[in-house]
Structure formats: C-alpha cells, structure tokens
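User: Hello! I am new to this structure and would like to understand how some of its features get their labels. Could you show it to me and take me through them?

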Amino acid sequence: MCNQLTIQQVKDMLLHIADVLIQKEDELGEIDRHIGDGDHGTGMATGARAIQKELKEQESTSVNQVFRQSGIAMMESMGGASGVLFSSLFLALGKIEPEAPEIDVASFSDGVSQAVKDIKIRGRAGLGDKTMLDALEPASVALIENKNSTFVEALAAAKSAAQQGVENTKGYVAKFGRAKFLGERSLGYQDPGATSIAMIINEMYQFVKEEFK
Ligand code: ADP
Ligand code: MG
C-alpha cells in the first residue's frame, strides 16, 4: 500500500537522490561561490557517488541499514564538518527502531526530527542562522503534522516547507560556516546547504509520487 516504503524502494529513492545531486553539482557550487568557498556541489556529489557505490555493492536487510550505509558512505567520503552535518539526515533515519524491512510515514518523520536535533547538537546552529536547518526543520515540522497521511502527501508538504525555508534564507545574515565572515553581505543570497536539503526532500517527493501513482 501507499504508506510503506520497502528496502528496495528506499534504495532506489537514495540512488535517485544521488543521481540528482551529481547532476546539480555545478548549480550548488555556484550558489556556494556567492557566500562560501564554492565547494558545496563537489562535496555533495562526492557523497552521492559514495552512496551509489555502497548501495550497489552491499546487501541490506533492513530499511534502517540502507539509510545507515548511505550516511556512513557520505560522512566518510565528504569528511570534515560538512560531512558530519549532511550525513546526519541519513544516519538519524538509520537509527530508527525497530530494524524493519519497511518504513512508514510516522517512523520516517521521527527520523527526520531526530536528524534536526542531531544537527543542532553537532553544529550549534538554530533556525534563522542561514544553514541547512532552515530547510530541514520546517520540512520535519511538516512531516510530523502529516504523520498519518500518505508518503506522497507528507513529502509534498515537506518539500514545500523546505523550499520556502530556502527562500527565507535570502533574508538571513549568516551566523555559521564560511558565510558568517561576510556578515551583512550574506543578505540576499540563498544558503547552499539549505538548497541541497530542499533538493533532497523534493527528490524524495518526486520518487514517491512516481512510485505510488
Ligand atoms: P564548507 O562550509 O566546509 O565549505 P559546504 O560548502 O559543503 O562546506 O557546506 C556549507 C553549508 O553547510 C552551509 O551552506 C550551511 O548550510 C551548512 N552549515 C555550515 N555550518 C553549519 C552549522 N554549524 N550547522 C548546520 N549547518 C551548517
Ligand atoms: Mg563550501
């Protein structure tokens, strides 16, 4: 039924997300060039290639394991602070209990909420600081509000919230990462990390929409 994703579906979804991140390498790099050092596209593409390699080579016996394998591949290949922060999403989804061969909207939403908490602890940023959290936190709120809906409805709400979050970052002064050195000059530019998170959530939505049509 429409309300569970199997191991194979989660694998296919992550492979699809990775494809899109690889395609968007230049676009994300360009966004990071304005207020950062221009390496965000390359970083995410590196993580995406590592996810594809891992998922194509390894067997997975639970949905949790698929997310965990992806998170670890991303963290190890990207390295540094951004590797830790961006892999937090998949690592948190990999920690959902119990280990199961499918995942429902409620568990998925809990995993994303946990990721928001982990990223706040690891990076010390909050909403409005012009980081990935400005896309991920509103998306997680939308998911929790739609816990009892279908994946398509919940992810439709989440991707709209994340896109609005990216738009909002244009009005924020950066407080973390390299962009903080620009201070007020970071105004008017969207945050690269928030942009890639919104892309990931949007591609999750595009995937489930195709899968359950
Ligand atoms: P780097 O900053 O090392 O060049 P990237 O360019 O890959 O790494 O990533 C930059 C993104 O990381 C920013 O756009 C922002 O969204 C995110 N980021 C930076 N610092 C933090 C933080 N403390 N908490 C959460 N996200 C952060
Ligand atoms: Mg950068």
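Analyst: Happy to. This is a predicted model. Let us begin with the shell around ligand 1, whose residues divide into eight nonpolar, six polar and five charged. The shell has 19 residues, and the closest are His40, Gly123, Met132, Arg178 and Asp191.

User: What makes the pair between His40 and ligand 1 a polar contact?

Analyst: A polar side-chain atom of His40 lies 2.8 Å from an oxygen atom of ligand 1. The cut-off for a pair of N or O atoms is 3.5 Å, so this pair counts.

User: How much of the accessible area of ligand 1 does the protein cover?

Analyst: On its own, ligand 1 has 570 Å² of accessible area, and the protein covers 87% of that. The ligand sits in the largest pocket. The elements giving two or more residues to its shell are α5 (80-93), α6 (105-123) and α9 (192-211).

User: What do Arg124 and Lys130 have for phi, and where are they?

Analyst: Phi of Arg124 is near 65°, and phi of Lys130 is near 65° too. Each is a positive value in a residue other than glycine.

User: How do you know whether Arg124 and Lys130 are buried or exposed?

Analyst: Set each value against its cut-off. Arg124 has 69% relative accessibility, which is over 50%, so Arg124 counts as exposed. Lys130 has 1%, which is under 20%, so Lys130 counts as buried.

User: Is the peptide bond from Glu97 to Pro98 cis or trans, and what is its omega?

Analyst: The bond from Glu97 to Pro98 is cis, with omega near -5°. Most peptide bonds are trans. Pro98 lies in the loop between α5 and β2 (102-104).

Methods: Residues are numbered from 1 along each chain as its sequence is written. Chains are lettered from A and ligands numbered from 1 in the order in which they are written. This is a predicted model: local features need pLDDT of at least 70, side-chain atom pairs count only at pLDDT 80 or more; totals for chains, interfaces and linings use all residues. Side-chain values use heavy atoms; hydrogens and water are left out. A residue is near a molecule or strand if one of its heavy atoms lies within 4 Å of it. A polar contact is a pair of N or O atoms within 3.5 Å; within protein, one must be able to donate a hydrogen and the other to accept it, and residues adjacent in sequence count only if both atoms are side-chain atoms. Accessible areas come from the Shrake-Rupley method with a 1.4 Å probe; for residues, only the protein chains shown count as cover. On a 1 Å grid over the protein atoms alone, a cavity is a set of points where a 1.4 Å probe fits but cannot get out, and a pocket is an open set with protein on both sides within 12 Å along at least five of seven lines; lining residues have an atom within 4 Å of a point. A molecule sits in a cavity or pocket if more than half of its atoms lie within 2 Å of its grid points. Helices (H or I, at least four residues) and strands (E, at least two) are DSSP runs, numbered from the N terminus. Ala, Val, Leu, Ile, Met, Phe, Trp, Tyr, Cys and Pro count as nonpolar, Asp, Glu, Lys and Arg as charged, and the others, Gly among them, as polar. Buried means under 20% relative accessible area, exposed over 50%, partly exposed in between (1.4 Å probe, protein chains only).
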